[in-house]
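This briefing goes through one protein model by topic. Look at the structure first, then read the points beside it.

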Amino acid sequence: MTLSVPADVISRVKAVLGEGGWSQDPERLAPKLVEWRDRWTGATPLLVLPRTTAQVSAVVGICAEAGAPITPQGGNTGLVGGQIPQGEILLSTERLRSVREVDLEDDVMVAEAGVTLAAAHEAAAAAGRRFPLSLASEGSATIGGLVSTNAGGTAVLRYGTMRDLVIGIEAVLPNGEIWNGLKRLRKDNTGYDLKQLLIGAEGTLGVVTAAALELHPVLASRAVAFAGVADPAAAVRLLGRAKAETGGAVEAFELIGRLGIELAIRNLPGLREPLESRPPWYVLIEAASGEPGAAEASMERLLGAALEDGLVLDAAVAQSESQAKAFWALREGQSAAQKPEGPAWKHDVSAPVSRIASFIEAAGEALGRRFPGVRIDAFGHVGDGNIHYDVLAPAGGDPAAHAARRDEGARIVHDLIASFEGSISAEHGLGTMKTAEALTYKSPVEVEALRAVRRALDPKRIMNPRVLF
Ligand SMILES: Cc1cc2nc3c(=O)[nH]c(=O)nc-3n(C[C@H](O)[C@H](O)[C@H](O)COP(=O)(O)OP(=O)(O)OC[C@H]3O[C@@H](n4cnc5c(N)ncnc54)[C@H](O)[C@@H]3O)c2cc1C
């Protein structure tokens, strides 16, 4: 479906933004119209680059009046296609880049939508604090995108997702009005929470222009380790022990299969085997504590005991910051490492932690029966019950034939995760990729209630119209 924008809307929007506030230059537009893995390409009659919330409001107001569609875009790192327009006006937040305030008494940072996660980390660190959300796309992913996808990442276990870390929002609603919800309240029970509706709305309920983010203390000690385990069930058992042993100080608990390690070493420069024994499964564990030396000591105790009783087959604790970075590079490179292997069927699924190991086993069996030889690269945030369950073509197989069977594979994986009381989208959202499919798994009661909310806020459905219900 390609959408169209009336010519007079384009000229009015251009006039309101002035020189530098918009572009129709194909070279300027090109990187914003393609997703980094080349899975989606798009089209837009106009790229708008507002510099202020008032300018966002003016643009959305003009579009609301005319019923003209808009797609917001931040860092263009979304993995489900929601940021790529197909004829809508493309509203980029790249010029909304200021960190407005860091308040150490309230432990809050107010950052505009286009601030990258890496820049937010730097601003927090410069003030002696930490914004703990962490993910591999942090150099490009923006606060607006992270809010709008309710991003998770590697520290959810301890700090939660964006829903837990955002305490206020400023947004332009689909009628063009500005809502200033930049509160710094940890407690506010005054009815429905508009902020939580906007979090995870994927640009369908307005444009997020700024957010108040919760800051945390910088912790004095940190330990990063790789542990080898026999299977995902052993990883989950280790998770329970890790939480108890560290007194809740586990920040990350990430699973990687042997194939994932092999692909990273084969396809990415400078990476090395983390464990010479090459076990079938790996867990990357990070623990942090406010007490000097405590994280390292609890990690040693945890792994020592687990090695002794055979739950862990082999382990290595990073001995330096650069070794810790090298360990994380193996985890963060997982998606990039798949790219040279041809198209992969990507699934971002979650289940209760207690059932994720059974899911991984059942999915491997079901796919192996239906598609003999496919290579399963299951990795990710097992501590949150969230696995990136990616399926590559058999070694030497035909990439095009594999790509053509993506939907069939997804159906098997998603039916199975639903049977484990899980979700077909743990953290990436639905975008254009999974919106139709999600209808199969959500109850009609829920979908109708969600549609009613959207109709009330955006009766002409101008905001990211191809995304969500
Ligand atoms: C290598 C890699 C690793 C990743 N790891 C993780 C991970 O661990 N956890 C995780 O959750 N995600 C992960 N992602 C996905 C992605 O980084 C997140 O979804 C991120 O939140 C998207 O931010 P963005 O600024 O790039 O948004 P975009 O991709 O530009 O947009 C994403 C969605 O948000 C909407 N949107 C963007 N900005 C706004 C705004 N200001 N107002 C309203 N709507 C807006 C868009 O319309 C779109 O629907 C990863 C991506 C990559 C490439």
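Helix α3 (residues 53–66) lies across β5, β8, β9 and β10 (207–214), and its direction is at about 50° to β8. Contact here means heavy atoms within 4.5 Å. Axes are lines fitted to C-alpha atoms, for helices over the stretch in contact, and angles run from 0 to 180 degrees between N-to-C directions. Helices (H or I, at least four residues) and strands (E, at least two) are DSSP runs, numbered from the N terminus.

The model is predicted: local features need pLDDT of at least 70, side-chain atom pairs count only at pLDDT 80 or more, and totals for chains, interfaces and linings use all residues. Residues are numbered from 1 along each chain as its sequence is written, and side-chain values use heavy atoms, with hydrogens and water left out.

**The five-strand sheet**

- Two strands pair if DSSP finds at least two bridges between them.
- An open sheet is formed by 5 strands in the order β5-β6-β10-β8-β9, with antiparallel pairing.
- At the edges stand β5 (99–103) and β9 (178–181), each with a single partner strand, so one side of each has no neighbour in the sheet.
- From one strand to the next, the twist averages 15°.
- Strand β8 (residues 166–172) runs antiparallel to β9 and is joined to β9 by 4 bridges.
- Ile-169 has Gly-181 in β9 as its bridge partner.

**The four-strand sheet**

- Another open sheet has 4 strands in the order β1-β2-β4-β3, and its pairing is mixed.
- Its edge strands, β1 (22–23) and β3 (70–73), each pair on one side only.
- The pairing of β3 with strand β4 (residues 89–92) is parallel, over 4 bridges.
- Ile-70 is opposite Ile-89 in β4.
- Helix α3 packs on this sheet too, where it touches β2 (47–48), β3 and β4; the direction of α3 makes about 165° with that of β4.

**Two packed helices**

- Two packed helices are described by the angle between their axes and the distance between the axes.
- For helix α9 (residues 232–245) and helix α14 (residues 353–370), the angle is about 165° and the axes are 8 Å apart.
- That makes α9 roughly antiparallel to α14; angles under 35 degrees count as roughly parallel, over 145 as roughly antiparallel, 65 to 115 as roughly perpendicular and the rest as oblique.
- On the α9 side, Pro-232, Ala-233, Val-236 and Leu-239 meet Val-353, Ile-356, Ala-357 and Ile-360 of α14.
- The residues of this contact between α9 and α14 are 8 nonpolar, no polar and no charged. Ala, Val, Leu, Ile, Met, Phe, Trp, Tyr, Cys and Pro count as nonpolar, Asp, Glu, Lys and Arg as charged, and the others, Gly among them, as polar.

- Strand β19 (residues 386–392) is mostly covered, with 7 of its 7 residues buried. Buried means under 20% relative accessible area, exposed over 50%, and partly exposed in between (1.4 Å probe, protein chains only).
- Both faces of β19 are covered: Asn-386, His-388, Asp-390 and Leu-392 are buried on one side, and Ile-387, Tyr-389 and Val-391 on the other.
- Strand β16 (residues 344–345) pairs with β19 in the antiparallel sense over 2 bridges, and Trp-345 stands opposite Val-391.
- Strand β17 (residues 348–350) also pairs with β19 in the antiparallel sense, over 3 bridges, and Asp-348 has His-388 as its bridge partner.
- Strand β18 (residues 375–380) runs antiparallel to β19, and 5 bridges join the two; the partner of Arg-375 in β19 is Leu-392.
- A hairpin is formed by β18 and β19, with 5 residues between them, and Gly-385 in the turn has a positive phi of about 70°.

**Two buried residues**

- Leu-284 lies in strand β14 (residues 281–289) and is buried, with a relative accessible area of 0%.
- Beyond its neighbours within four places in sequence, Leu-284 is in contact with several residues, including Val-224, Phe-253, Glu-254, Trp-328 and Arg-331.
- Ala-124, in helix α4 (residues 117–126), is buried with a relative accessible area of 0%.
- Leaving aside neighbours within four places in sequence, Ala-124 is in contact with Met-109, Arg-129, Arg-130, Phe-131 and Leu-215.
- Ala-124 and Asp-103 are 21 residues apart in sequence and 9.9 Å apart in space, C-alpha to C-alpha.
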